[in-house]
Amino acid sequence: MKNYAKLWLKYPAKKNNRECEALKKVVFSGSFSEDKILENAKKELALGLKGMLGFEPQISISGNASVTCEAAGDRSGSPDCFNKKVLTSGKTIVDQETYAVSIKNGNINIASDSSTGILHGVFEILRAVGCEKDVQKEYAAEKTFRPSNPLRMLDHWDNMDGSIERGYSGRSFFYDNDEIIINERTVDYARLIASVGINAVVINNVNVKQAASYMITDRYFEKLAELGEIFAGYGIGLYLSLNYASTIEIGGMDSADPLDEGVKAWWREKMAEVFKKIPTLKGFLVKADSEGRPGPFTYGRTQADGANMLADIAKDYGAIIIWRCFVYNCRQDWRDKKTDRARAGYDNFKPMDGDYHDNVILQIKNGPMDFQIREPISPLFGGLKKTNQMLEVQIAQEYTGQQIDVCYLIPMFKEILGFKTYCSNAKQDTAGTGSDNGLDTVADIISGKTFNSRYSGIAAVTNTGNDLNWTGNYLAGANLFGFGRLAFNTELESDEIADEFIRMTISNDNDVVDTIKEILLPSRAIYEKYTCPLGIGWMVKPATHYGCSVDGYEYDRWGTYHRADHLGLGVDRTDKGTGYALQYNEPNASMYNSPENCPDELVLFFHHLPYTHVLHSGKTVIQHIYDAHFEGYDEAVKLAEKWETLKGKVDDEIFENVSERFKRQLYNAKEWCDQVNTYFHRISGIEDEKGRKIW
Ligand code: GCU
């Protein structure tokens, strides 16, 4: 195997030795178990400090640190036993993973009630050293770190043949030719993601077909058990995507009806076998009744029927079922203006709110459509009030530049997390003022605080592959790093996260750090400008989802239209149109329902407007389209120029990689700019006020 990049775990020599004296002696304290995770924590600390500061610390353990799994009555031998303890002790995952760092008697002290907390504490310290912080000052007063979310998950869309659905970084490092690969890289992957706070991973594509359907059979148990142990050693729970119709596809039955006793019996037997053979397995992710995948609808049953059937059986093993809400009609007639794909998630899942069992989590994409560069927040957030919920975002840049275009997504995730749903507004404030008990945001809901839910969190469709730098574009590593950091602490700012990523991965030189931040931070806004205007989305080539094609989806079956004609464009989702805007709580519903109140960036998502409509910005829709596209392209050119100033200041390999990507980004941005502007110039017949060249 070639030498792949170690990214933020490279641990090169640092200059802050004097400020790190306290690290010569490190104390782990608390009531954690002395397991594989603790062993890995010690190893990592020694490795990191040796690399960065040139010494290995003396590590000691204090307090009642010998609570073992056996003592807690859990299955012994399982390195992640603390997670299983959670199920019986009543302590939440978040309580368990909380840790504190302080300086006591001149030594660094990491305190936690789980070995995973200690491991996270080790990574916190290594990050501080890596960013050349003054450790003495940093922890002079004790700092407590409590994860914002119980589950912080990465979803791989890796197929067992080695391909990756929507993968832009090479092939899978988990599979090739229907076999599971386990090597040094697997361990380094676990280290990389644990180091940023990830505690759960789904290792196979949600579209479970062919060999992947057999993951829950003898064919793969041994390797999966081994993989599970590796992840568990870093406090990461293993999850598998499940084929809902396994009873048919591997069980030889003729039904997958969730209420059928034979189907239930098959699953009971299957799960007993699976959890025995893969002791670290934490549960399953299911894509049902979606884009051709089988599901309970076939039998006239609800999504809740399907999820609950599996969850009731998985419960005996302390496992959970994560059920996706990406259920919509993907065979729409484009002539049909009443059916609205945006409505589908809410229409399919809201009516059963309260029916989903305790160990079911509904996994909801951030927007009602599908990971576009700009979408409103799914109204299921704020709509569901009695159901465990998890947010699904996508760091694989399917519609956001495919790791060719630089698009730092953390600012977008911050907006999503900060969205106020007004879900605690019990009586639906018709005056439109809304109410706020302080727990109304998406971040509050998925943290479990709003509805006191035990299982909740955030997942990202991941952007990794077997490219030497893991993410195709080196700068796309910021999304992997950033997602983990943000999932662990939703209060972190995009700037801080970018700063850490650059210092840990590329350079600690302040000028370099500033220049790269100037590239990363505005990159999402720039991508949005030169692609689809005002929230309309979908002007991409249908086959690849990369590159401009204004009408690519217009007459297709996917429910993704812009409805442009010579007078205007946009989709009417108001009370006079599809009614989607009314799925929100007040005051959001009223805000989105009116073109006067709707924020500019989403106005074409909710409204069909004439080109001459004047936005809040004071520009007409058509002038906004022209300006945004010209500006977006010009700004992308400036980003590329900034990058060129780094030649000789960053590693050549990193420099060349990003430089090459920028060339492709500029080509792409120019195509978007010219095609979108030309299209709307021709169709509207309205001139650009500034008289720029339109083709
Ligand atoms: C998108 C994506 C598919 C994926 C699907 C999903 O539609 O293009 O490749 O399977 O999302 O989230 O299930």
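**Exercise 1. Find the salt bridge between K24 and E21, and state how exposed its two residues are.**

Step 1. The side chains of K24 and E21 meet in a salt bridge, with N to O at 3.3 Å. A salt bridge here is a side-chain nitrogen of Lys or Arg within 4 Å of a carboxyl oxygen of Asp or Glu.

Step 2. K24 is partly exposed, at 39% relative accessibility. E21 is partly exposed too, with a relative accessible area of 43%. The cut-offs are under 20% relative accessible area for buried, over 50% for exposed, and partly exposed in between (1.4 Å probe, protein chains only).

Step 3. Keep the source in mind. This is a predicted model, where local features need pLDDT of at least 70 and side-chain atom pairs count only at pLDDT 80 or more, while totals for chains, interfaces and linings use all residues. Residues are numbered from 1 along each chain as its sequence is written, and side-chain values use heavy atoms, with hydrogens and water left out.

**Exercise 2. Describe the interface of domain 1 and domain 2.**

Step 1. Domain 1 is 7–145, domain 2 is 151–490 and domain 3 is 527–571 + 608–684. These bounds come from an automatic or database domain assignment.

Step 2. Count the contacts (heavy atoms within 4.5 Å). 27 residues of domain 1 touch 28 residues of domain 2.

Step 3. Take the area. About 2500 Å² is buried between the two domains, and carbon and sulfur atoms give 59% of it. Buried area is the accessible area (1.4 Å probe) that two parts lose on being put together, summed over both.

Step 4. Look for charge pairs. The rule finds two salt bridges across this interface. E97 and R152 meet in a salt bridge at 2.3 Å, N to O.

Step 5. Name the elements. On the side of domain 1 that touches domain 2, those giving two or more residues are α1 (36–53), α2 (81–89), α3 (93–97) and α4 (115–130).

**Exercise 3. Is M539 buried or exposed, and which residues does M539 touch?**

Step 1. M539 lies in the loop between α18 and β16 (568–569).

Step 2. M539 is buried, with a relative accessible area of 0%.

Step 3. Leave out residues up to four places away in sequence. M539 then touches C532, P533, G547, C548, S549, V550, H562, W672 and F680.

Note on methods:
Helices (H or I, at least four residues) and strands (E, at least two) are DSSP runs, numbered from the N terminus.
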